[in-house]
Amino acid sequence: MLGRKAELSKLERFVQPLAEGRIGGALCVEGEAGIGKSRLLHTFFDQLKQNFGPHNIFLCQTDQILRQSLNPMRYWLQRHFNQSKQRSQADNKAQFEQKLAQIIANTSSETVTRELHRTRSFLGALLDLHWPDSLYAQLEPQGRFENTLIALTTLLQAERLRQPTLLVIEDIHWLDADTRQFLQQLWLTVTAVPDTQYPLAILATSRPEQQEMADFGNFPWQTISLGQLEPPELNKLAAEILGGTIAPSLQKVLANQGEGNPFFTEQIVRFLQEQNLLEMGADGWQVKAVQQTVLPRDVHALLVARLDRLTASVKNGVQYAAVLGREFEVRLLALMLRDEDQFESILAEAKQATIWSAMDELRYLFRHALGRDAAYKMQLRARRQTLHKLAVSALETLYAGALRSHYGEIAYHAEQADLHEK
């Protein structure tokens, strides 16, 4: 972590009420893409583990592509209830029941326990788990939605009774309307009785140019605005990447071109590395004199230039993956590529080039949304349509026995592929 000491201190003050069993409020870390919002929270969470004592951190990731109802909450529940697309529905149901029984057993409030039993099928439905005779199955859509919000609120009540809880929403500028409504309802529930002990806080990240916090009505957001990093901090970042001191010539390039943005700065350094435009001089790593003005004009062009440097098969694989979104499933990409011989090397080489990283053996994640966007937008519309059509076929093949759970993804790719009937 470079700099940001004042911001870390503000985060520490923000969660202090949780340690006292009180509500912690709502805080949004905002800043332009690549400025270090997620890195700041990651560092802060590491400090909490060391200094704060037992607590929950529930990560709710929005989706830039698939704006499914309550999508961030589904993302959290998938992990909270140990769900896996590789398991049968029966096995996922067993995992769900086991976790819910554990939560109920550790809940001290009889009111909360009764409500968890009553709304069990609504939580399950968010995970595409269904029971034919459940309360969820008996209700109309409006009743299902209202009870789903109650179920989520009740689950968070149970968790905060056990230990202080941080609800973290990444990229709130992509938030769907239903999750926005849920957060407002959650906040009304939390603050309805001022004397109630409710150790809960909400943290979010946002790009201010894409999200007006006024969209949340009277939601009491505090904000931390991340500005540009100072040149000495960016120089440290470059030195860390290169493994040695950087000379004044390279410092000047980073100051002029990096815009104080750590992600942009990293991309400049890696571009210069890959183009063999750096050399070790008496003062450290420096830009070769004949190539002082070679940099692309902006970060998008820089990312495209880096992608163009990859081998044809790796670049092709990255472009296929970009169609699936920032986070993608390995088996799905393999079905689209239909090239088992090179698939493992494609994953490995793109990882080595810092294009993406492995979340586990089944899922990969583009290291930054801007990288995924560059790989997607550098392709002509006709080719993107072809790849979306491939994604439809791959989804229908991979999940032939459980298509219902993937209708949203299939519909999105079919729309992008102009498959109107489908």
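**Helix packing, salt bridges and a hairpin**

Reader: Is the crossing of helix 10 and helix 12 left-handed or right-handed?
Author: Helices here are DSSP runs of H or I with at least four residues, strands are runs of E with at least two, and both are numbered from the N terminus. A crossing counts as left-handed if the near helix is turned anticlockwise from the far one by less than a right angle, and as right-handed if clockwise. For helix 10 and helix 12 the crossing is right-handed.

Reader: At what pLDDT do side-chain atom pairs count?
Author: Residues are numbered from 1 along each chain as its sequence is written, and side-chain values use heavy atoms, leaving out hydrogens and water. This is a predicted model in which totals for chains, interfaces and linings use all residues, local features need pLDDT of at least 70, and side-chain atom pairs count only at pLDDT 80 or more.

Reader: At what angle do helix 10 and helix 12 pack?
Author: Axes are lines fitted to C-alpha atoms, for helices over the stretch in contact (heavy atoms within 4.5 Å), and angles run from 0 to 180 degrees between N-to-C directions. Under 35 degrees is roughly parallel, over 145 roughly antiparallel, 65 to 115 roughly perpendicular, and the rest oblique. Helix 10 and helix 12 are therefore oblique to each other. Their axes lie 10 Å apart, and the angle is about 40 degrees.

Reader: How many salt bridges does the structure hold?
Author: One of them joins K315 to D308 at 2.7 Å, and another joins R372 to D373 at 3.1 Å. R79, E327, E329, R331 and R363 form a salt-bridge network. The number for the structure is 15.

Reader: Which residue in strand 7 stands opposite E279?
Author: Strands pair if DSSP finds at least two bridges between them; antiparallel strands 6 and 7 have 4. A hairpin through 2 residues joins strand 6 to strand 7. Opposite E279 stands Q286.

Definitions and conventions:
Salt bridge = Lys/Arg side-chain N within 4 Å of Asp/Glu carboxyl O.
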